[in-house]
Amino acid sequence: MRKKSKQKGLTPTKIIVYSVLALKKQDLKQLEKSLKKLLKINFVLENRIDEEIIGGLKIVSGSKIIDLSLQNQLNKIKKLMLNYG
Amino acid sequence: MAKNLLKLDNFYKKLTALKLEVEVYEEGKIISLGDGIAKISGLNEAMYNELLLFPQNTYGLVFNLEKKSIGAIIIGNDSHLKAGDPVRRTSRILEIPVGKELIGRVINPLGQFLDEKPPLSLKETMPLEKIAPGIIERQPVNTPLQTGIKAIDSMIPIGRGQRELIIGDRGTGKTTIVIDTIINQKNENVICIYVAIGQRVSKIAKIIQKLKDFGALEHTIVICANASDSASLQYLAPFSGAAIGEYFMKQGKDVLIAYDDLSKHAWAYRQLSLLLKRPSGREAYPGDVFYLHSRLLERACRLNDKFGGGSITALPIIETQAGDVSAYIPTNVISITDGQIYLEPDLFFAGIRPAINPGISVSRVGGAAQIKAMKKVAGMLRLDLSQYRELAAFAQFSTDLDPATKAKIERGARITEILKQAENQPLKVEEEVVSLWCATKGFLDKIPLEKISQFEKEFLEFLKKNKRNVFEKIRKSKDLDTETEKELTKAMTQLLSFYQEEEKEEEKEELS
């Protein structure tokens with residue numbers, strides 16, 4: 001039997017924002033606002049530092065990822081170059 | 001130099017067209033990996049049979065959806081992957097690129113080219129898994145698919161849109177029947193697809209060379225998942241064949257697909273299922289091995305004219321072990337197909353090649369897939385042969401029998417002799433009709449058994465030289481009318497008199 005607190009909407013899902021440098025409070029708040037508009041679910045935002053993304057942001061919720069990182073863009077270019085030998 | 005510049009130019013074009021913006025995807029992680037199977041965590045919204053993207057452009061297929069992980073099969077080589085690698089959902093199902101440029105080429109089940117000609121990029125794709133056409137879209141089978149093999153076209157005729165199983169032990173001539181049929185489709189406007197599943201590469205190379213030598217590769221596509229390919233490629237190969245066949249069928253064309261062979265396909269599926277820890281049943285096959293073959297073979301059908309009138313004829317091959325047709329996979333496929341051609345090693349070694357047993361071979365479409373001329377000639381053939389088989393035991397004492405029985409035995413022996421056919425020598429339907437007409441009308445009764453195949457060759461050559469119009473007439477009218485029969489009888493008596501003169505001379509020589 002599921003505990004009441006584990007039902008959808010009652011416990012907020014955790015969304016992690018990876019950035020290279022710590023985000024300022026206003027930026028985080030603005031991000032929360034736009035994400036609320038986009039996702040329409042109850043969530044809690046956390047900011048973590050990950051230097052591997054080189055630049056930009058990477059927003060992760062479980063398996064779902066919104067990738068705005070520089071690492072991803074460079075990887076795309078790398079794939080294209082490898083295709084052309 | 002110019003080629004490199006062109007390449008660079010293409011590259012810059014693609015680079016500027018690349019949209020470096022936000023990317024939304026779902027990513028999971030490989031927990032364990034081995035034997036072509038990966039266990040993945042995360043990806044809780046992945047769907048069954050969905051395509052997954054592994055690092056270095058490797059693809060995988062979702063096979064098992066479990067509580068806390070996903071079991072996926074990796075298509076192709078997995079040696080460059082490791083535990084912890086990221087895996088992405090693609091929200092697509094497996095598709096193969098198709099186009100008429102595929103005809104004459106050799107490809108693998110993913111559409112990658114394996115022959116020496118330059119690779120092509122095709123625009124259209126077809127899904128590998130598709131639901132077979134329903135009842136409304138179909139039409140009964142009534143057009144013959146001429147295999148060029150007398151024994152089949154006369155007694156076990158195959159129609160366009162039928163599924164006919166070729167079943168027998170190893171080395172009994174199953175692949176030969178399929179190759180002869182493909183060679184015979186040369187000017188028949190039928191696109192042939194040969195799917196090699198788990199075969200030795202040397203055998204496939206021989207087959208491709210044979211098709212080239214007989215000019216048959218120009219209307220054939222070869223799909224190759226040989227014995228050294230991963231089990232996942234062997235599992236997908238027949239579905240790729242069916243997908244390409246459906247592409248041409250949609251355009252209203254007739255397609256012939258040969259699956260060589262489905263026994264190895266079932267082995268590959270068993271390997272994948274056991275590695276994914278699916279519960280095993282009889283002979284260690286998974287519980288849905290029937291569904292594996294039924295959904296594949298049901299895609300072979302004849303569409304009605306509203307949907308284009310195209311057809312797919314399927315020739316699946318099953319290899320039995322020690323003639324055991326009551327094993328699991330053979331019985332499964334027998335119940336799915338519209339008939340079987342049994343090949344027996346005893347007949348093969350007795351010199352009857354093709355080693356078809358007409359007594360237990362069946363075609364559930366039958367006469368509806370024969371031209372009128374063939375029906376006239378082959379009508380009594382099966383009966384004559386079955387009577388011959390019953391009396392065959394007495395054939396050893398043929399001097400002690402009454403003339404009627406003796407005549408039956410002689411006739412049966414001659415029919416058996418004329419049904420023998422050399423490898424890779426399919427006959428046109430008009431030649432088959434004439435050949436069988438000689439046997440059933442009794443003209444061969446006067447010729448000694450050892451000389452029958454030679455006589456057949458000479459008679460057909462004789463007609464080609466002097467009475468070409470007979471063949472034309474049969475081909476066009478698809479019938480054998482009394483006039484044509486009269487001309488054939490004339491030609492026959494002419495040639496027979498030659499033969500009897502030769503015999504008399506030989507006798508004279510022997511005596512002297």
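**Chat about helix H15 and other parts of chain B**

Me: Which residues are buried in helix H15 (residues 468-477) of chain B?

Reply: Val470(B), Phe471(B) and Ile474(B) are buried in that helix, where buried means under 20% relative accessible area, exposed means over 50%, and partly exposed is in between, with a 1.4 Å probe and protein chains only. Seen down the axis of H15(B), these buried residues fall within an arc of 95°, so they line one face of the helix; the arc is that of the directions from the helix axis to the C-beta atoms. Helices (H or I, at least four residues) and strands (E, at least two) are DSSP runs, numbered from the N terminus.

Me: Before we go on, what kind of model is it, and how are things numbered?

Reply: This is a predicted model, in which local features need pLDDT of at least 70 and side-chain atom pairs count only at pLDDT 80 or more, while totals for chains, interfaces and linings use all residues. Residues are numbered from 1 along each chain as its sequence is written, chains are lettered from A and ligands numbered from 1 in the order in which they are written, and side-chain values use heavy atoms, with hydrogens and water left out.

Me: OK, back to H15(B): what do its buried residues pack against?

Reply: They pack against four helices of chain B, namely H10 (372-378), H13 (429-440), H14 (452-466) and H16 (482-511), where a contact means heavy atoms within 4.5 Å.

Me: And which residues are exposed on the other side?

Reply: On the other side of H15(B), Arg468(B) and Lys476(B) are exposed. The helix is then followed by Lys478(B), whose phi is positive, near 55°.

Me: Where else does a residue other than glycine have a positive phi?

Reply: One of them is Asn189(B), with phi near 65°, in the loop between helix H3 (174-184) and strand E11 (190-197) of chain B; Asn189(B) counts as exposed, at 67% relative accessibility. Another is Ala284(B), with a positive phi of about 70°, in the loop between H6 and helix H7 (289-297) of chain B, and Ala284(B) is partly exposed at 30%. As background, most residues other than glycine have a negative phi, and most peptide bonds are trans.

Me: Then which residues does a cis peptide bond join?

Reply: One cis bond joins Asp260(B) and Asp261(B), with omega of about -10°, and Asp261(B) lies in the loop between strand E13 (254-260) and helix H6 (262-275) of chain B. The peptide bond from Arg353(B) to Pro354(B) is also cis, with omega near 10°, and Pro354(B) sits in the loop between helix H9 (345-349) and strand E16 (362-363) of chain B.

Me: In what order do the strands run in the eight-stranded sheet?

Reply: The sheet is open, has mixed pairing, and runs E8-E12-E11-E13-E14-E10-E15-E16 in chain B. Strand E8 (106-107) and E16 of chain B stand at the edges, each with a single partner strand, so one side of each is left without a neighbour in the sheet. Two strands pair if DSSP finds at least two bridges between them.

Me: How many bridges link E13(B) and E14(B)?

Reply: E13(B) pairs with strand E14 (residues 311-319) of chain B in the parallel sense over six bridges, and the bridge partner of Leu256(B) in E14(B) is Thr313(B).

Me: Switching to H7: is Arg295(B) buried or exposed?

Reply: Arg295(B), found in helix H7 of chain B, counts as buried at 15% relative accessibility. Not counting residues up to four places away in sequence, Arg295(B) touches Glu129(B), Tyr235(B) and Phe239(B).

Me: What about chain A, where does strand E1 pair?

Reply: E1(A) and strand E2 (residues 43-49) of chain A pair in the parallel sense over seven bridges, with Phe43(A) as the bridge partner of Thr13(A). Five of the seven residues of E1 (residues 13-19) of chain A are buried, so the strand is largely enclosed by the rest of the structure.

Me: Last one: how many helices and strands does chain B have, and how many of its residues are buried?

Reply: Chain B has 16 helices and 16 strands, and buried residues make up 53% of its 512 residues. Along its principal axes, the C-alpha trace of chain B spans about 95 × 55 × 50 Å.
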